[in-house]
Every structure is written in structure tokens, then in C-alpha cells.
Amino acid sequence: MTAGTEHEVALSDEIEQFLHLVSTSDEAELRKTLDMAAPTYETFAGWDALQTHGNPIELHGLSTVLDSFSAASNSAAYERDTALEQWGDDHWETWKDEYCAYVFGEVLSKCDLTELQAADVEPFLDDLSVAEPLSNVIPIYLLGGRWQPWDTFQQLSTTKPDKAATVLSNLLNEDAGPLVDRLESFNDLYSELSDSGSERMSVATMLLMIVHPDQYVMYRYQMFDDFFSEFSDYSVPYGFNPGDYVLMLDALRGVQADLDTTTDHDVRMLDVHSLLWLVHRKGPP
């Protein structure tokens with residue numbers, strides 16, 4: 001409110017501006033603008049998903065998982081070749097941080113992702129397709145070792161580089177509009193990527209996580225289904241469902257915020273991906 005300040009305006013103007021904000025901004029923008037750490041604004045988290053899906057996802061029974069993950073992370077249990085008595089200590093998870101550091105340092109410096117050109121598409125995707133620090137090509141590894149969707153994605157992108165440049169710039173630019181619309185545009189261009197809508201969603205959200213590791217987590221149907229079946233009453237739909245992804249993403253950003261209170265480093269959505277992966281692979285602690 002501006003009442004009592006040097007820039008005071010009429011209450012009707014404030015309401016008009018506020019309604020414009022919540023009707024034109026996506027979930028990520030609302031969190032940043034309204035500071036979603038403030039309880040006053042919790043109602044507006046997941047705004048674009050709530051318009052379609054109703055109530056936000058309520059998670060329950062997470063305390064042991066969160067405590068176990070934070071304790072292991074604080075003990076460096078997810079570093080390479082570290083053997084500790086912690087949940088998931090047989091999993092090396094910090095390779096994702098190394099890969100994203102490479103992307104930021106070596107890949108994103110070569111092009112403007114908000115205005116990709118046709119000539120940028122092939123080298124951009126080639127640069128993402130490295131095997132370090134793993135022994136497998138990273139995007140293929142993240143897709144569960146399935147090379148077909150990534151290979152087809154690259155082929156479609158290089159066959160239609162002008163359209164691919166536009167769609168990928170739109171997808172990866174957080175200022176380009178609501179996430180649901182950006183994902184739908186991706187699906188329209190890459191409908192031939194896979195018969196599985198869930199696999200197309202995996203590729204799209206993998207790109208989002210790689211480029212924006214603080215904001216997005218990669219969707220994989222079984223991994224998400226295992227988590228939400230265990231810790232909520234929400235049923236994860238199969239297929240390409242952007243609205244549902246936004247709703248799940250909002251719930252997982254709550255997990256990110258909770259982990260951030262007990263973990264020694266700034267928690268990113270990469271950490272949430274690791275937590276989901278451990279629940280999927282090992283089950284809850």
C-alpha cells in the first residue's frame with residue numbers, strides 16, 4: 001500500500017495495478033514480485049495453474065525426508081566418492097552442479113538465449129551434449145539413458161532452426177510469458193519428438209532446469225508419481241500437461257524453501273531434483 005508515503009495513489013489505482021499483475025504474471029514472476037516468503041501472499045502462489053486446477057497441492061509427511069536430505073547434504077554425502085552413514089550416500093548428486101557450472105561458464109556465454117538465432121541452435125545443443133563430469137552424455141543420462149528423445153530433439157531442431165530458435169528462446173526466457181504458454185509452444189513444434197507426451201515434457205523441463213537450476217526441476221513421470229503418491233493426495237497425470245507441471249512445480253518450490261532453512265548451502269531446484277531422485281530410487285528414509 002502507498003498510503004502515507006510520498007508516492008501515495010488512490011486505492012482504486014492500487015487495486016487495478018494489483019489485479020493486472022496477478023492476471024498477466026506467471027507463478028515465477030509472482031513469487032519474485034510479491035516475495036512468496038511472506039504469508040500474506042501465499043494465496044497467489046501457482047496463480048496460472050490454480051486458474052485451471054483449483055486447489056494447490058498439499059504435501060504431508062515430509063519431515064523425515066527433508067531432515068535426512070539436509071543432514072546428508074550438510075555432511076557432503078552427495079559428493080563424489082564419499083561414503084557416509086546418511087540417506088542416499090551411495091549416490092553422487094553434485095555432478096549436476098558441476099554440469100550447470102559448465103553450462104553457465106562455457107555455453108550461455110556464447111549466445112543470447114532470449115534471442116537465439118537459427119545459426120545458434122546446433123552449436124548450443126551440441127555444447128549441452130557433453131559427457132563430463134559423467135561418462136554418459138548428460139541430457140541422455142537425465143532422460144534415463146534413453147538416447148532417442150534427445151537425438152530426435154536435436155534432429156528436429158536442426159531441421160527447422162528458425163522455428164527452433166524462436167521456440168527455445170521463448171521457452172527459456174522467463175519474461176516471455178506464462179510458463180504454460182511457453183511449454184505449449186514447445187509441444188506444438190516438437191510433437192514428433194516422441195509419442196509420449198510425458199517424454200516431451202521431460203525434454204522441455206530438462207532444458208529449463210539446465211538453464212535455470214534455481215527455478216525449475218526436470219519432470220519425469222515415474223519420479224514425480226513416486227513422490228506425489230507418497231507425500232500427497234495428488235494424482236500425477238501421464239502425458240504433456242503444462243498446467244499440472246506448474247502446480248507440481250509450485251509445491252516443489254515449497255520443498256526448496258523448507259530445505260533452505262536446514263541446509264548449509266543455498267538450495268536450488270537441482271537439490272530438489274536430487275531429493276526426488278533418491279525417493280524414486282531408494283524410497284523414503
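How many aromatic pairs does a search of the whole structure find? I ran that search and got 12 aromatic pairs. My rule for a pair was rings of Phe, Tyr and Trp (its six-membered ring) with centres within 6.5 Å; planes under 30 degrees apart count as stacked, over 60 as edge-to-face and the rest as tilted.

**Ground rules.** I'm working from a predicted model, where local features need pLDDT of at least 70, side-chain atom pairs count only at pLDDT 80 or more, and totals for chains, interfaces and linings use all residues. Residues are numbered from 1 along each chain as its sequence is written, and side-chain values use heavy atoms, with hydrogens and water left out.

Phe-228 is buried at 0% relative accessible area (buried is under 20%, exposed over 50%, partly exposed in between, with a 1.4 Å probe and protein chains only). Tyr-234 has 17%, so I logged that residue as buried too. Ring pairs also tie Tyr-219, Phe-224, Phe-227 and Phe-231 into a cluster with Phe-228 and Tyr-234.

**Whole chain.** I counted 14 helices and 0 strands, taking helices (H or I, at least four residues) and strands (E, at least two) as DSSP runs numbered from the N terminus. Of the 285 residues, 51% are buried. I then looked at contacts (heavy atoms within 4.5 Å): among those with a separation of 6 or more, 63% join residues 24 or more positions apart.

**Helix 8.** Down the axis, the buried residues of helix 8 fall within an arc of 165 degrees, so they line one face; the arc uses directions from the helix axis to the C-beta atoms. Pro-149, Trp-150 and Phe-153 are among those buried residues. I see them packing against helices 6, 7, 9, 10 and 11.

**Asp-181.** This one is in helix 10 (residues 179-189) and is partly exposed at 45%. Gly-243 is 62 residues away in sequence, yet 9.4 Å off C-alpha to C-alpha.

**Cysteines.** I found 0 disulfides (a pair of cysteine sulfur atoms within 2.5 Å). Cys-100 is buried at 3%, and Cys-111 is buried at 16%.
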